[in-house]
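Subject: Structure handover

Hello,

I am passing this structure on to you. Please open it first, then read the notes below it.

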Amino acid sequence: QKLLDNTVISEGTNINDMLEQKKKDLEHKRQMNGILGISSGMDELDRILNGWLPGEELVTIVGRVNQGKSWLLQKFLTEANKQFKKVLHYSGEMGVLQVAYRNDTLGKHYSNSQLMRGTIADGDYEAYMNDLEIDQGLPEYIVVTPNDFGGKMLTVSMLRTLIKKHKPDIIGIDQISLM
């Protein structure tokens, strides 16, 4: 009887009283062009998945060494950040600057090898410097590497702490095998 007395019973929802909620929901979905979550940046993938659903998606990219897994992950995270989503990115092998240059390659279409080597042409260099100023309005794109933990690999408790601190909309873990 104690369990029955303490059980909360919902009275349900009268869907005929949901006028404002339905209007707001439908208007939001219309603005997103059918994307229910965060766009992946790939039209065909978005058509299939309707975008990444925050809090509901766990995507694992598996492949052999040097097949583009890190680039693909970075593409998804760069696209999310361009949509004003806060990003948390753990990179088990690449340094922060390498991740930052890849972000600029994917988001701004500059040559990654030229950025990494410093061989960017004068005209592109000036355009790049101007584009860097534009990014000041984007939300956080936090990159964490083992260097941030004294050379130690990321743990679940460290990740949990980072999530509480930064409250990201999307998280990317590159090199989960090292976690």
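The notes below cover backbone angles, aromatic pairs and a cavity.

Please keep in mind that this is a predicted model.

Backbone first. Most residues other than glycine have a negative phi. Two residues here go the other way. Asparagine 50 has a phi near 60°, a positive value. Asparagine 50 sits in the loop between helix 3 (43–49) and helix 4 (69–82). Its relative accessible area is 28%, so asparagine 50 is partly exposed. Phenylalanine 84 is not a glycine either, yet its phi is positive, at about 65°. Look for phenylalanine 84 in the loop between helix 4 and strand 1 (87–91). Phenylalanine 84 counts as exposed because its relative accessibility is 55%, and the cut-off for exposed is over 50%.

Next, the aromatic rings. A pair of rings is described by the distance of the centres and the angle of the planes. The count comes to two aromatic pairs.

Tryptophan 52 and phenylalanine 76 form one of them. Their ring centres are 5.0 Å apart and their planes stand at 75°, so this pair is edge-to-face; planes over 60 degrees apart count as such. The pair links distant parts of the chain, 24 residues apart. Tryptophan 52 is in the loop between helix 3 and helix 4, while phenylalanine 76 is in helix 4. Tryptophan 52 counts as buried, at 10% relative accessibility. Phenylalanine 76 is buried too, with a relative accessible area of 7%.

Tyrosine 110 and tyrosine 128 also pair. Here the centres lie 5.1 Å apart and the planes are at 75°, so the pair is edge-to-face. Again, distant parts of the chain are linked, 18 residues apart. Tyrosine 110 belongs to the loop between helix 5 (96–108) and helix 6 (112–117), and tyrosine 128 to helix 7 (residues 122–134). Tyrosine 110 is buried, with a relative accessible area of 11%. Tyrosine 128 counts as buried, at 6% relative accessibility.

Last, the cavity. How many cavities of 30 Å³ or more does the structure hold? There is one. The volume of the largest cavity is about 30 Å³. Its lining includes Leu88, Tyr90, Val144, Leu154, Leu162 and Ile173. His89 and Gly172 are also among the lining residues. Strand 1, helix 8 (156–166) and strand 3 (170–174) each supply at least two residues of that lining. By class, the lining has eight nonpolar, two polar and no charged residues.

Best wishes

Methods:
Residues are numbered from 1 along each chain as its sequence is written. This is a predicted model: local features need pLDDT of at least 70, side-chain atom pairs count only at pLDDT 80 or more; totals for chains, interfaces and linings use all residues. Side-chain values use heavy atoms; hydrogens and water are left out. Helices (H or I, at least four residues) and strands (E, at least two) are DSSP runs, numbered from the N terminus. Buried means under 20% relative accessible area, exposed over 50%, partly exposed in between (1.4 Å probe, protein chains only). Rings of Phe, Tyr and Trp (its six-membered ring) pair if their centres lie within 6.5 Å; planes under 30 degrees apart count as stacked, over 60 as edge-to-face and the rest as tilted. On a 1 Å grid over the protein atoms alone, a cavity is a set of points where a 1.4 Å probe fits but cannot get out, and a pocket is an open set with protein on both sides within 12 Å along at least five of seven lines; lining residues have an atom within 4 Å of a point. Grid points are joined across faces, edges and corners, and a volume is the space filled by probe spheres set on the points. Ala, Val, Leu, Ile, Met, Phe, Trp, Tyr, Cys and Pro count as nonpolar, Asp, Glu, Lys and Arg as charged, and the others, Gly among them, as polar.
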